[in-house]
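Morning, everyone. Let me put the model on the screen and walk you through it.

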Amino acid sequence: MKNIGLFLGKMSKVIPVLFLGLFLLFGCEKYSFGPPILPPKTYSFQTDIQPIFTSKCIGCHGSGKQQPTLQDGLSYASLTGGGFISSDPENSPETSILYQQITTGPGHTSILNDLQKLSILEWIRQGALNN
């Protein structure tokens, strides 16, 4: 009888710790963080995309310095003619050279913020129109 009382005394200390551990292990929700979701809109090359290129990319991708040329008035032709983007719906926008370069290219990944990268991706998804 004394052994049972000693066992129950030890268990009364272990059980709350066990429940607390189980609560912490299974009671908390797990969150996964992904890129921000953009509000639905039609992206315009001239008003949404070209300003990103002008403010962030012209230093290296100005007229003739490095391909693609991202100078206003020349950038769309340089991107489409140089194979950096494709408006073909069969091609995944994520695999475009432009998107790959701004997200994984050496020296490019930190130049644009996530919102700018996603804006470019959405513009490509919408057909990469010269609008």
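Predicted model: local features only at pLDDT ≥ 70, side-chain atom pairs only at ≥ 80, totals over all residues.

The chain has 6 helices and 0 strands. From the N terminus on, the order of elements is α-α-α-α-α-α. Of the 131 residues, 31% count as buried. Now the contacts. Take those with a separation of 6 or more: residues 24 or more positions apart account for 50% of them.

On to the helix pairs. Start with H5, residues 97-104, and H6. Their axes come within 10 Å and cross at roughly 165°. The cut-off for roughly antiparallel is over 145 degrees, so H5 is roughly antiparallel to H6. The crossing of this pair is left-handed. Which residues of H5 and H6 meet? On the H5 side, Leu-98, Tyr-99, Ile-102 and Thr-103. On the H6 side, Lys-117, Ile-120, Leu-121, Trp-123 and Ile-124. By class, that contact of H5 with H6 has 7 nonpolar residues, 1 polar and 1 charged.

H2 brings Phe-45, Ile-49, Ile-52, Phe-53 and Lys-56. H6 answers with Gln-116, Ser-119, Ile-120 and Trp-123. The classes in the contact of H2 with H6 are 6 nonpolar, 2 polar and 1 charged. Look at Ile-120 and Trp-123 of H6: they meet H5, and they meet H2 as well.

Where is Asn-131? In the segment after H6. Asn-131 counts as partly exposed, because its relative accessibility is 33%. Leaving aside neighbours within four places in sequence, Asn-131 is in contact with Tyr-43, Ser-44, Phe-45, Gln-46 and Trp-123. Phe-45 also belongs to the H2 side of the contact with H6. Now pick out Ser-44. In sequence, Asn-131 and Ser-44 are 87 residues apart. In space, C-alpha to C-alpha, they are 5.3 Å apart.

The segment after H6, residues 114-125, also holds Ala-128. Is Ala-128 buried or exposed? Buried, because its relative accessible area is 1%, and the limit is under 20%. Check the backbone here too. Phi of Ala-128 is near 50°, a positive value in a residue other than glycine.

One more backbone point. The peptide bond from Gln-67 to Pro-68 is cis, with omega near 0°. Where does Pro-68 sit? In the loop between helix H3, residues 58-61, and helix H4, residues 75-81.

Last, the cysteines. How many disulfides does a search of the whole structure find? It finds 0. Cys-57 is in no disulfide; the nearest cysteine sulfur, at 8.7 Å, is that of Cys-60. Cys-60 is in no disulfide either, and its nearest cysteine sulfur is that of Cys-57. Cys-57 counts as buried, because its relative accessibility is 12%.

That is the tour. Questions, please.

Terms used. Residues numbered from 1 in each chain as written. Heavy atoms only, no water. Disulfide = S-S within 2.5 Å. Buried < 20%, exposed > 50% of the residue type's maximum accessible area, 1.4 Å probe, protein only. Helix = DSSP H or I, 4+ residues; strand = E, 2+ residues; numbered from the N terminus. Axes fitted to C-alpha atoms, helices over the stretch in contact; angles between N-to-C directions. Parallel < 35°, antiparallel > 145°, perpendicular 65-115°, else oblique. Left-handed = near helix turned anticlockwise from the far one by under 90°. Contact = heavy atoms within 4.5 Å. Nonpolar A, V, L, I, M, F, W, Y, C, P; charged D, E, K, R; others polar.
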